[in-house]
Amino acid sequence: MPRATLDKDPRDVAAMFDAVAHRYDVTNDVISLGQDRAWRRATLAAVGAQRGETVLDLAAGTGTSSEPLADAGVHVVPCDLSTGMLGVGKRRRPDLPFVAGDALHLPFADASFDAVTISFGLRNVPDPDVALEEMLRVTKPGGRLVVCEFSRPTFAPFRAVYTNYLMRALPPVARAVSKEPDAYVYLAESIREWPDQRALGLLLKQAGWVDVAYRNLSGGIVALHRGRRP
């Protein structure tokens, strides 16, 4: 399996996620100590999609984040760079319109969606600025963006413990539950290098989003950023 690096070559990133697709959801549940479920629920609430709306779920992976939207009567389009992840999702939910797509070149027309959401995927894009502009392009005027991404714990002593867990404990845990632990070494490195809450909010504003705000989850391990297309 290619070892993705912080250069984030899309081919390496896609191949890495292809390799972990079959156990990705289970492994995430283990290494997050089950918190990923609460993060998904909070993201869904922030999107606030209503029955009949059309939502783009970027970095959808196997469709775990798309399923509750579809079940609520939302027209959701799961989109991901990894065809391996999409294949796992399609076998589980053949009713969902999974689309292979690059966040830097979204295969959708302008103003196609009432809302766009991306969970734990913006960090894997080589140019987040361009990706945020693409999300703006495909969102209808007045439409919404919700970004769920790892961030910086706000309590300094806990931040030190968390960073130590990422770099020292996470890879051994990943080796115990996954046949591709290198993917989780990359995960830890990419989280450590990712901008904090305020810096990411600034990126959203620079891309053209307005009414940008964020709130912390799990003490800032994760942050939910929201924005609106003018």
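**View 1. Valine 222 and the residues around it.** Leaving aside its neighbours within four places in sequence, valine 222 is in contact (heavy atoms within 4.5 Å) with Trp39, Phe120, Cys148, Glu149, Phe150, Ser151, Arg215, Asn216 and Leu217. This is a predicted model, in which local features need pLDDT of at least 70, side-chain atom pairs count only at pLDDT 80 or more, and totals for chains, interfaces and linings use all residues. Residues are numbered from 1 along each chain as its sequence is written, and side-chain values use heavy atoms, with hydrogens and water left out. Valine 222 belongs to strand 7; helices (H or I, at least four residues) and strands (E, at least two) are DSSP runs, numbered from the N terminus. Is valine 222 buried or exposed? It is buried, with a relative accessible area of 0%. Here buried means under 20% relative accessible area, exposed over 50%, and partly exposed in between, using a 1.4 Å probe and protein chains only. Valine 222 and phenylalanine 120 are 102 residues apart in sequence, yet 9.2 Å separates them in space, C-alpha to C-alpha.

**View 2. The whole chain, for orientation.** Take a step back and you can find 9 helices and 7 strands in the chain. Of its 230 residues, 49% are buried. Contacts between residues at least 6 apart in sequence join residues at least 24 apart in 65% of cases.

View 3. The 7 strands form an open sheet with mixed pairing, in the order 3-2-1-4-5-7-6; two strands pair if DSSP finds at least two bridges between them. Strand 3 (99-100) and strand 6 stand at the edges with a single partner strand each, so one side of each is left without a neighbour in the sheet. Helix 3 (residues 35-47) packs on the sheet and touches strand 4, strand 5, strand 6 and strand 7. The direction of helix 3 makes about 165° with that of strand 5; axes are lines fitted to C-alpha atoms, for helices over the stretch in contact, and angles run from 0 to 180 degrees between N-to-C directions.

**View 4. Strand 4 and its partners.** How many of the 7 residues of strand 4 are buried? The count is 7 of 7, so the strand is mostly covered. Strand 1 pairs with strand 4 in the parallel sense over 4 bridges, and leucine 56 stands opposite valine 116 in strand 4. Strand 4 and strand 5 also run parallel, joined by 6 bridges. Along this pairing, alanine 115 stands opposite arginine 144 in strand 5, while serine 119 stands opposite cysteine 148 in strand 5.

**View 5. Serine 112, in a loop.** Look for serine 112 in the loop between strand 3 and strand 4. With 25% relative accessibility, serine 112 counts as partly exposed. Beyond residues up to four places away in sequence, serine 112 touches Thr54, Val138 and Lys140. The C-alpha atoms of serine 112 and lysine 140 are 6.1 Å apart, although 28 residues separate the two along the chain.

**View 6. The largest nonpolar core.** A nonpolar core is a set of buried Ala, Val, Leu, Ile, Met, Phe, Trp, Tyr and Cys residues joined through side-chain atoms within 4.5 Å. The largest one here has 27 residues, and those with the most contacts inside it are Leu56, Leu122, Leu132, Met135 and Trp209. Which element gives the largest share of this core? Helix 6 does, with 5 residues. Tryptophan 209 touches residues including Leu132, Met135, Leu136, Leu145 and Leu204. Apart from this core lies another, of 24 residues, among them Leu69, Leu96, Leu187 and Ile221.

**View 7. Helix 6 and helix 9.** In helix 6, the buried residues are Pro128, Ala131, Leu132, Glu134, Met135, Leu136 and Val138. They pack against strand 1, strand 4, strand 5 and helix 9. Helix 9 has its own buried residues: Gln197, Leu200, Gly201, Leu203 and Leu204. Seen down the axis of helix 9, these fall within an arc of 155°, so they line one face of the helix; the arc is that of the directions from the helix axis to the C-beta atoms. The face turned away from the buried side of helix 9 carries the exposed residues Arg198, Lys205 and Gln206. Just after helix 9, glycine 208 takes a positive phi of about 115°.
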